[in-house]
Amino acid sequence: MPIGSKKWLIPDMFWPEHTSPGVCVSHEAICLLNLGESDCSADITLYFEDREPMKLRREHCGARRTRHIRLDRALGEGGEHIPRGTGYAALVECSVPVVVQY
């Protein structure tokens with residue numbers, strides 16, 4: 001039996017607008033763990049309170065591998081960055097069962 005799921009929801013996400021001097025830059029990440037024998041394609045859609053959803057560029061995670069998707073570096077399909085200073089949620093849809101952590 002495969003370990004994981006093909007759909008994951010992350011309801012509470014936030015990237016601060018500013019950081020204070022001497023404070024680490026946020027490196028929030030969506031982590032995929034693929035324990036299976038097949039590579040994974042992952043589609044991530046972000047949902048906001050005050051704007052339309054944003055689809056990120058497709059991500060990949062090899063078989064028996066892990067992938068850490070840094071949200072400070074993530075880009076939407078149109079090349080836009082995730083807006084700062086606002087709460088959002090994510091739907092992660094994968095081609096094979098994986099484990100997801102935020």
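User: How many salt bridges does the count come to?

Analyst: This is a predicted model, in which local features need pLDDT of at least 70 and side-chain atom pairs count only at pLDDT 80 or more, while totals for chains, interfaces and linings use all residues. Residues are numbered from 1 along each chain as its sequence is written, and side-chain values use heavy atoms, with hydrogens and water left out. A salt bridge is taken as a side-chain nitrogen of Lys or Arg within 4 Å of a carboxyl oxygen of Asp or Glu. By this rule the count is 6 salt bridges.

User: Which residue forms a salt bridge with Glu93, and how far apart are the closest N and O atoms?

Analyst: The strands named here are DSSP runs (E, at least two residues; helices are H or I, at least four), numbered from the N terminus. The pair links distant parts of the chain, since Glu93 belongs to strand S7 (residues 86-101) and its partner to strand S1 (residues 5-15), 86 residues apart. The partner of Glu93 is Lys7, with the closest N and O atoms at 3.8 Å.

User: Is Lys7 buried or exposed?

Analyst: Residues are called buried under 20% relative accessible area, exposed over 50% and partly exposed in between, with a 1.4 Å probe and protein chains only. On that scale Glu93, at 27%, is partly exposed. Lys7 has a relative accessibility of 57% and therefore counts as exposed.

User: What is the N to O distance in the salt bridge of Glu59 and Arg67?

Analyst: Side chains of opposite charge can pair when their charged atoms come close. Here Glu59 counts as buried because its relative accessibility is 15%, whereas Arg67, at 30%, is partly exposed. Their side chains meet with an N to O distance of 2.7 Å.

User: Which residue's charged end sits over the ring of Phe48?

Analyst: A charge is said to sit over a ring if NZ of Lys or CZ of Arg is within 6 Å of the ring centre and within 35 degrees of the ring normal. The residue in question also forms a salt bridge with Asp50 at 3.3 Å, N to O, and is partly exposed at 39% relative accessibility. Its charged end is 5.4 Å from the centre of the Phe48 ring, and the residue is Arg51.

User: What is the geometry of the aromatic pair formed by Phe48 and Tyr88?

Analyst: Rings of Phe, Tyr and Trp (its six-membered ring) pair if their centres lie within 6.5 Å, with planes under 30 degrees apart counted as stacked, over 60 as edge-to-face and the rest as tilted. A search of the whole structure finds 1 aromatic pair. Phe48 and Tyr88 are 5.8 Å apart, centre to centre, with 40° between the planes, so by these cut-offs the pair is tilted.

User: Where in the chain do Phe48 and Tyr88 lie?

Analyst: Phe48 is buried at 13% relative accessibility, and Tyr88 is buried at 5%. The two residues are 40 residues apart and link distant parts of the chain, with Phe48 in strand S3 (residues 40-48) and Tyr88 in strand S7.

User: Which residues is Thr86 in contact with, leaving aside its neighbours within four places in sequence?

Analyst: Thr86 is placed in strand S7, and its relative accessibility of 13% makes it buried. Contact here means heavy atoms within 4.5 Å. With those neighbours left aside, the contacts of Thr86 are Met13, Phe14, Trp15, Phe48, Asp50 and Arg51.

User: How far apart in space are Gly85 and Glu17, C-alpha to C-alpha?

Analyst: Gly85 lies in the loop between S6 and S7 and is partly exposed at 33% relative accessibility. Not counting residues up to four places away in sequence, Gly85 touches Phe14, Trp15, Pro16 and Glu17. Although Gly85 and Glu17 are 68 residues apart in sequence, their C-alpha atoms are separated by 4.1 Å.

User: What phi does Arg64 have?

Analyst: Arg64 is located in the loop between strand S5 (59-61) and strand S6 (65-70), and with a relative accessible area of 48% this residue is partly exposed. Arg64 is not a glycine, yet its phi is positive, at about 55°.
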